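Subject: Structure handover

Hello,

Here is the structure we spoke about. Please look through it first; my notes follow below.

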Amino acid sequence: QSSVTVFGVLDVGARSLKGVSSIKYLHKDGVSSSRLGFRGVEDLGGGLKAGFHIEGALGSDDGSGGTWQRRSTVSLMGGFGEVRLGHQKVAARTIVDDFDAFGTTGIADVSRLYTLTGTSRDWEINRTSNQVSYFLPSMGGIYGNVDASAGEGTNAANKMISGRIGFKSGGLHLSAATGNQGVSAKLKTTTLAGSYAFGSATVYAMHTQNKQAGMATNKINSLGLAYSMGAGKLQGSFAKATGGSKLIAAGYDYSLSKRTGIYAQVARTDNSAGKRFGLGGASGATAPAAGGDSTGYSVGVRHSF
Amino acid sequence: QSSVTVFGVLDVGARSLKGVSSIKYLHKDGVSSSRLGFRGVEDLGGGLKAGFHIEGALGSDDGSGGTWQRRSTVSLMGGFGEVRLGHQKVAARTIVDDFDAFGTTGIADVSRLYTLTGTSRDWEINRTSNQVSYFLPSMGGIYGNVDASAGEGTNAANKMISGRIGFKSGGLHLSAATGNQGVSAKLKTTTLAGSYAFGSATVYAMHTQNKQAGMATNKINSLGLAYSMGAGKLQGSFAKATGGSKLIAAGYDYSLSKRTGIYAQVARTDNSAGKRFGLGGASGATAPAAGGDSTGYSVGVRHSF
Amino acid sequence: QSSVTVFGVLDVGARSLKGVSSIKYLHKDGVSSSRLGFRGVEDLGGGLKAGFHIEGALGSDDGSGGTWQRRSTVSLMGGFGEVRLGHQKVAARTIVDDFDAFGTTGIADVSRLYTLTGTSRDWEINRTSNQVSYFLPSMGGIYGNVDASAGEGTNAANKMISGRIGFKSGGLHLSAATGNQGVSAKLKTTTLAGSYAFGSATVYAMHTQNKQAGMATNKINSLGLAYSMGAGKLQGSFAKATGGSKLIAAGYDYSLSKRTGIYAQVARTDNSAGKRFGLGGASGATAPAAGGDSTGYSVGVRHSF
């Protein structure tokens, strides 16, 4: 047997969402997305390594599952960096995950403000198939990667090119990323972000600009805070989109161990005229009315293995 | 790597069913349901534990699979008992599994007599999503749990509440459970059951009452026997539903090891006027005619890992 | 925990296919089919063993997956040989895999010449469900197996019977297999094949005859070569179908370790009048025109775990 790690997350909790109408339900992604995966690294000698990573969504609330569409990649790694092939998140999205205090997961997911229409989730730069990626080797705190995905003739929406660069040193973390996806109705996104950790606190700031021909550009600014108190962590975020729509969120996560914790969150969107930005998990009637508000609560347990 | 157990069952055999017409085929659930799963327990210290259990059906005969809809749960366990969240069997069903000599699996599955119409499998209390369960801590042989599932606004058939209590001491095992599921056409089920093990034999007795507004109540009584002879085990059961429809079954299971065995079973339903209760695996033309009989045979191999 | 091996392959690369029109895309099966599986063997004592094998296709390029339809079997093994039940490749197909220099995988897959119409992939003898197989015990280089699959009344295309016998000694390997599948439009296939390894080279020769009532018989002859040079392996094949359509292919595979390698391949079909045999992965417009040619290139990385 070669060395294979079986890993996963089960995050289950209760969520209440109130938009035009309200709903209470069990969710599978309070502070982390439930998943099942397999991964491994092989030392090829001479500084060269090969690795694989297979990871799929897991319906911890309803038992759904079956695909490996969170990530499915094979890598060659060495002094030159890493070449990675397969299906995964693109650079223009990983930066948003990293600088959102809530990791774009759960009710407080900042990417909910990222759409251009302000209604459905049209901001589609997230994961792509048929991806070829190159990651720089670690160089004194500088990191970076470029990703390109083929449309393969029949899937124009998958065609994507993206890049990210960053710098991490002491408590400071700075990063910039850009990407565009699609063919005729190409979506372009650019993000600049930074965070600073001092003592028990980390503060986050991020600016993203999303553009598509024929649509109004959406610029989103967000601030975040994480504050550790023993096994507990307080989190807060505030974000504002073009036009004035806002997302404000607070959360508390208490670790029972390195792998297990409990959490509670509250979040609210407050929309500018005509916009209907909702909270993570909202769709249809649980989204706010045009120009209206939505409020959400979430409590649950997360367990990693 | 945290400690993850990969487990499963492959049960494959040949089955013959004769109702209105007959069929011979390979099945995936002779005496146990084929499955694949992952589970683990983490010690959190201070008597507290966290655990997860993911388990899905496996088509050992045709390679089907992909979901984790046998069970998908995360648990916190301690002196207070266990709180379990996710998708799993409900209390009102686990009692029937435990006191059917054939574990509600294969051709002799007693739950085939549990429907209200006596035709299709309308008795739907089995597994539910969005479940919150609480299990009592072990207290001198007494055990119990309560389960509640949310309909989540859009899935009324998933709305369920159920509870079970039991007592196990020496060879004696007694249990009672009740549950109801649905919203307008709510299905109510109540079961009282007991078993007694003496020497190499265990005898089972169970009474279940299934009700739904506007339909005739179905009361099912069953008796079962398991008798060990070295590595072999003889099993038999007899069950009778309201109106007089009967299920009679016999089986022999021979263990080649703790994990592997071979088996043979024969079962028959004999229906009262108008009823069409069939055997496990029967549907359509392999079900009996109204008031008619059906006969089934099954031989196969089971292997757990 | 019983001993379970988690295993798999991620093979990802870039492929170019040119038929009527051309396409460039990432694939998941350059020299080996991407997959995920679980397997184990249990010693039952007295020379008897039980084993299971679950294996499903993995979309290393797009994250697809979820079923175990490459293989899903349980086995009892002993001095008598092996009885295997479930879903797997049939004898009449495993011989083609073994004597095609490219293992019927990737652009050079010889089975692309095996269809009767010369258009779509109508040659369906590959894997079947509901299979009962018996494998001879090893007897001085002689091996063999017979497979039978039930149509189960509703799936006539699954009804199959097949057998294979072979002899392996020193560098010599000879094998013959036959099978038929279906009910009314039964497809019959017979293959005779041999290979000889001397020094760093192995040569392959194979003859297959595919028949179906009302269609012209297709006889395919193929020759193959594998030549090892240190960690590298050169491969070549040439095949010709009834009517004169040809497939010619060359490849180079370089092992970075026992489990990881990189490869490059080129292949071409050259069709006789009216035929449209395409390369592995081709469909629709990437298939050649009637009587036309198609060319393909593939480079990639393979990683097993």
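Among contacts (heavy atoms within 4.5 Å) in chain A between residues at least 6 apart in sequence, 51% join residues at least 24 apart. This is a predicted model, in which local features need pLDDT of at least 70 and side-chain atom pairs count only at pLDDT 80 or more, while totals for chains, interfaces and linings use all residues. Residues are numbered from 1 along each chain as its sequence is written, chains are lettered from A and ligands numbered from 1 in the order in which they are written, and side-chain values use heavy atoms, with hydrogens and water left out.

Chain A overall

The secondary structure of chain A consists of 1 helix and 17 strands. Helices (H or I, at least four residues) and strands (E, at least two) are DSSP runs, numbered from the N terminus. The C-alpha trace spans about 60 × 50 × 40 Å along the principal axes of chain A. Its radius of gyration is 19 Å, which agrees with the value near 19 Å for a compact globule of 305 residues. That radius is taken over C-alpha atoms, and the globule rule is 2.2 Å times the number of residues to the power 0.38.

Of the 305 residues in chain A, 54% are buried, meaning under 20% relative accessible area (1.4 Å probe, protein chains only). Chain A exposes about 11900 Å², of which carbon and sulfur atoms supply 58%; accessible areas come from the Shrake-Rupley method with a 1.4 Å probe. As for charge, chain A carries 31 positive side chains (Lys and Arg) and 19 negative ones (Asp and Glu), with His and the chain ends not counted. The centres of the two sets lie 5 Å apart, each charge being placed at NZ of Lys, CZ of Arg, CG of Asp or CD of Glu.

Chains A and B

In chain B, 28 residues are in contact with 28 residues of chain A. The two chains bury about 2300 Å² between them, 68% of it on carbon and sulfur atoms. Buried area here is the accessible area (1.4 Å probe) that two parts lose on being put together, summed over both. Glu42(B), Val74(B) and Glu152(B) supply 21% of the area that chain B buries against chain A, more than any other three residues.

The helix in chains B and C

Helix α1 of chain B (residues 91-99) has 7 of its 9 residues buried, among them Ile95(B), Val96(B) and Phe99(B). Strands that these buried residues pack against include β6 (81-89) and β12 (201-212) of chain B.

In chain C, helix α1 (residues 91-99) is also mostly covered, with 7 of its 9 residues buried.

Regards

Definitions and conventions:
Buried means under 20% relative accessible area, exposed over 50%, partly exposed in between (1.4 Å probe, protein chains only).
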